Amino acid sequence: LNSAIFIVVFSLIGAQLFNLPLDTYLSYFCLGHVFFSFFSATINDGCQTFIASEAFLKQTPYPKLAFVFRVIWRNLLMLAHNAPIVLGVLWWSGLLAQAQLGWWLLGLALTAASATLAVALLGAMAARFRDVPMIVTSVMQVSFFVTPVMWQTQQLTERAQLVVHWNPLAAFLELLRAPLLGQVPSGEAWALASATLLLLTAMFLLVYVRVRRRIVYWL
């Protein structure tokens with residue numbers, strides 16, 4: 001209910017600010033807000049993955065990835081709680097029948113895989129350096145304004161659009177938002193998201209696998 005009220009009220013203002021039809025802007029902003037909130041909550045929660053599980057990890061040698069999966073699953077459930085809002089907005093905008101469900105599921109799978117690796121890395125870093133959660137929170141706050149959540153990429157100048165083209169969060173946002181708007185995500189978004197997944201995989205193998213045994217001692 002909180003999200004629904006915010007989305008409707010801001011869309012009424014945003015449609016006027018950006019000179020767009022309300023039904024077009026409402027669906028665009030609704031999906032952007034819901035999915036970016038999922039990104040932000042997952043990343044911020046990821047920093048607390050092992051810190052919040054200190055009592056468990058110090059008593060029993062649980063598989064540490066179980067706590068990573070717990071964070072991902074919890075935030076996927078929270079994302080599912082917003083499904084009625086998304087479905088209602090898409091129905092009101094006449095876009096529900098145009099949704100590309102296959103592309104959306106593929107984008108969600110790529111996003112969840114990347115989020116899992118990011119949570120594992122951030123959780124380990126935050127266990128060692130306790131100021132990491134505060135830094136990540138600040139970065140995510142800034143990221144909201146440089147990611148096309150409430151504005152569209154074509155509204156920027158060609159030079160300013162580099163902020164979007166090199167922003168992994170913008171790529172993952174397009175993978176999840178475009179299919180529900182009846183569009184196929186661009187090849188550029190797929191390429192950037194895939195490159196991000198490969199980079200996170202390399203960092204996971206080089207960093208997390210090497211330090212995972214030390215996490216308990218950092219808590």
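How many salt bridges does a search of the whole structure find? The search finds two, a salt bridge being a side-chain nitrogen of Lys or Arg within 4 Å of a carboxyl oxygen of Asp or Glu.

Before I turn to them, a word on conventions. This is a predicted model, in which local features need pLDDT of at least 70 and side-chain atom pairs count only at pLDDT 80 or more, while totals for chains, interfaces and linings use all residues. Residues are numbered from 1 along each chain as its sequence is written, and side-chain values use heavy atoms, with hydrogens and water left out.

R74 belongs to helix α4 and D45 to helix α2, so the pair ties together parts that are 29 residues apart in sequence. Helices here are DSSP runs (H or I, at least four residues), numbered from the N terminus. R74 is partly exposed, at 35% relative accessible area, and D45 is partly exposed at 27%. On this scale, buried means under 20% relative accessible area, exposed over 50%, and partly exposed in between, with a 1.4 Å probe and protein chains only.

The other salt bridge is formed by E54 and K58, whose closest N and O atoms are 2.7 Å apart. E54 is partly exposed at 28%, as is K58 at 45%.

K64, in helix α4, presents another case. K64 is buried yet has no salt bridge, and the nearest side chain of opposite charge, E54, is 13 Å away; Lys and Arg count as positive and Asp and Glu as negative, with His and the chain ends not counted. Leaving aside neighbours within four places in sequence, K64 is in contact (heavy atoms within 4.5 Å) with residues including F50, L57 and Y208.

The largest nonpolar core has 68 residues, and F35, F39, F50 and Y208 have the most contacts inside it. Such a core is a set of buried Ala, Val, Leu, Ile, Met, Phe, Trp, Tyr and Cys residues joined through side-chain atoms within 4.5 Å. Helix α6 gives the most to this core, with 13 residues. Not counting residues up to four places away in sequence, F35 touches L79, W104, L173, L176, R177 and L180.

Finally, the surface. A nonpolar patch of about 1300 Å² includes L1, I5, L12, W91 and W92 among its residues. Patch members have over 30% relative accessible area and no salt bridge, like charges being joined within 9 Å and nonpolar side chains (Val, Leu, Ile, Met, Phe, Trp, Tyr) within 5 Å. Helix α1 supplies the largest share, six residues.

Note on methods:
Helices (H or I, at least four residues) and strands (E, at least two) are DSSP runs, numbered from the N terminus. Accessible areas come from the Shrake-Rupley method with a 1.4 Å probe; for residues, only the protein chains shown count as cover.
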